[in-house]
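Subject: Structure handover

Hello,

Here is the structure I promised to pass on. Please open it next to this email and follow along.

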Amino acid sequence: MDEKIRSKLQDRFVKRSSEETVQRGLVNFMNAAIDDFALESPSRVPATKITQAMIAIVIRLFSNGYSAASKAV
């Protein structure tokens, strides 16, 4: 895949996933922690966007799972 197209798709994915997240405060905290971790070594910087997107997805999945479980009880 062309690197320019891939970058655009990743940026759009991150933007959409961040707009839909229920736990905004937690996602912001995790993003800040990821940024701090990436600052320790320049080789880590390229993976920050995808890592932040994956963390946001996991938080959303846990939130959805918790909501579904609390409705079932």
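Which residues make a nonpolar surface patch of about 330 Å²? The patch is formed by Met-1, Ile-5 and Leu-9. Met-1 sits in the segment before helix H1, which covers residues 3-19. Met-1 is exposed, because its relative accessible area is 75% and the cut-off for exposed is over 50%.

A word on confidence before the rest. This is a predicted model. The protein chain has an average pLDDT of 86. At least 70 is reached by 92% of the residues. Among the elements of the chain, H1 has the lowest mean pLDDT, at 79. Helix H2, residues 24-39, has the highest, at 94.

Now the salt bridges. How many does a search of the whole structure find? The search finds two.

One joins the side chains of Lys-49 and Asp-11, at 3.0 Å from N to O. Lys-49 belongs to helix H3 and Asp-11 to helix H1, so this pair ties together parts that are 38 residues apart in sequence. Lys-49 is partly exposed, with a relative accessible area of 42%. Asp-11 is also partly exposed, at 34%.

Glu-40 counts as exposed, at 60% relative accessibility. Arg-44 counts as partly exposed, at 29%.

One more residue to look at is Val-45. Where is Val-45 found? Val-45 lies in the loop between H2 and helix H3, the latter spanning residues 48-72. Its relative accessibility is 43%, so Val-45 counts as partly exposed. Val-45 and Ile-34 are eleven residues apart in sequence. In space, their C-alpha atoms are 9.4 Å apart.

- Start at the patch of Met-1, Ile-5 and Leu-9.
- Go to the salt bridge between Lys-49 and Asp-11.
- Finish at Val-45, in the loop between H2 and H3.

Best wishes

Technical notes
Residues numbered from 1 in each chain as written. Predicted model: local features only at pLDDT ≥ 70, side-chain atom pairs only at ≥ 80, totals over all residues. Heavy atoms only, no water. Patch = residues over 30% accessible without salt bridge, like charges linked within 9 Å, V, L, I, M, F, W, Y side chains within 5 Å. Areas by Shrake-Rupley, 256 points an atom, 1.4 Å probe, with all protein chains shown as cover. Salt bridge = Lys/Arg side-chain N within 4 Å of Asp/Glu carboxyl O. Helix = DSSP H or I, 4+ residues; strand = E, 2+ residues; numbered from the N terminus. Buried < 20%, exposed > 50% of the residue type's maximum accessible area, 1.4 Å probe, protein only. pLDDT = per-residue confidence, 0-100.
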